[in-house]
Amino acid sequence: MPELPDVEMARRLLERALLGARITSAVGSDRVILRPGSSRTLSRIAVGRAVQAVERRGKWLRVMLDDGARLFSHLGMTGEWITAGVDEPSARFERARFEVTKGRSRRSIRYLDARRFGRLLATKDDIAAWRELGPDPLTDGLDVETLAAALGRSARRVKDALMDQTLVAGIGNILATEALWHARIDPRSRSDRLTPKDVGRVVRGLRNAIERQLTAREKAGGDEPRESFAVYGRSGEPCRRCGTSISRIVLGGRGTTFCAHCQERRGAR
DNA sequence: CGGCATGTTGCGCA
DNA sequence: TTGCGCAACATGCC
């Protein structure tokens with residue numbers, strides 16, 4: 001379930017469970033997810049440590065430990081964190097588990113991941129993927145100047161540029177699709193052909209899409225209600241603005257829906 | 001059975 | 001060098 005809003009929900013859950021807690025056990029049951037580390041690395045770095053902060057940047061989570069070491073979590077396509085009682089049996093697709101104590105209470109925090117595209121890393125320093133992340137729209141804020149500069153440097157399709165984690169962090173296929181619909185810009189537009197006004201609309205489109213997905217999750221408690229999407233997954237349905245049937249194309253191997261009538265193309269191809 | 005999937009990386013080609 | 005398609009990763013679900 002992972003794009004920025006989902007990862008933010010995961011961050012809040014981990015913060016409630018881990019902040020101020022001490023890790024008494026850490027076990028990973030899947031080398032793919034721990035790669036290039038191992039369950040031994042994970043427990044060696046995490047066990048005995050207290051958690052000082054649970055942060056998110058884009059789709060990455062960073063758990064800061066009291067000796068300066070850190071845990072990084074990326075949810076891939078199907079990753080999920082849950083909390084459980086220490087005696088509860090393993091959940092389906094459970095790949096790693098932490099046990100923590102906070103005051104007198106003991107909790108078990110578990111990482112689930114069906115497809116195993118996610119990552120769980122224990123390191124002494126920040127990893128490259130974290131360092132190379134662009135500004136996060138929620139924690140760093142999104143400003144038109146910065147985005148305009150980033151988009152202006154490349155002739156790529158604007159949708160691909162928005163999903164480039166080094167330009168802006170946390171935008172995936174859903175948010176990019178939704179934001180461009182809100183902005184009324186064709187996803188195939190060249191990113192360097194957007195006017196400053198266009199970039200302003202993209203920024204508002206992103207804020208709008210992020211905000212409504214976060215709210216939808218806060219309300220529903222879990223899954224992303226498809227109801228909260230304006231165009232994503234709605235090919236063939238009428239555009240909510242103009243009624244035109246929503247188109248579906250494939251860009252960079254990803255399904256892309258848009259309204260061919262009210263999302264205008266910038267830059268011919 | 002076929003098609004699709006919220007992510008990332010690496011390869012080959014133009 | 002840049003942009004882009006595509007396969008791979010490993011699996012679930014409709």
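The structure is a predicted model in which local features need pLDDT of at least 70 and side-chain atom pairs count only at pLDDT 80 or more, whereas totals for chains, interfaces and linings use all residues. Residues are numbered from 1 along each chain as its sequence is written, chains are lettered from A and ligands numbered from 1 in the order in which they are written, and side-chain values use heavy atoms, with hydrogens and water left out.

The sulfur of Cys239 lies 3.7 Å from that of Cys262, the closest cysteine sulfur, which is too far for a bond. Cys262 is likewise in no disulfide, and its nearest cysteine sulfur belongs to Cys259, 3.5 Å away. Cys262 is also buried, with a relative accessible area of 13%. With a disulfide taken as a pair of cysteine sulfur atoms within 2.5 Å, the count is zero.

DNA strand B is surrounded by 17 residues, of which Lys59, His74, Met77, Tyr232 and Arg254 are the closest; a residue is near the strand if one of its heavy atoms lies within 4 Å of it. Of the atoms of DNA strand B that come within 4 Å of the protein, 57% are accounted for by sugar and phosphate. For Glu3, a polar side-chain atom is 3.4 Å from a sugar or linking oxygen of DNA strand B.

How values were computed:
Buried means under 20% relative accessible area, exposed over 50%, partly exposed in between (1.4 Å probe, protein chains only). A polar contact is a pair of N or O atoms within 3.5 Å; within protein, one must be able to donate a hydrogen and the other to accept it, and residues adjacent in sequence count only if both atoms are side-chain atoms.
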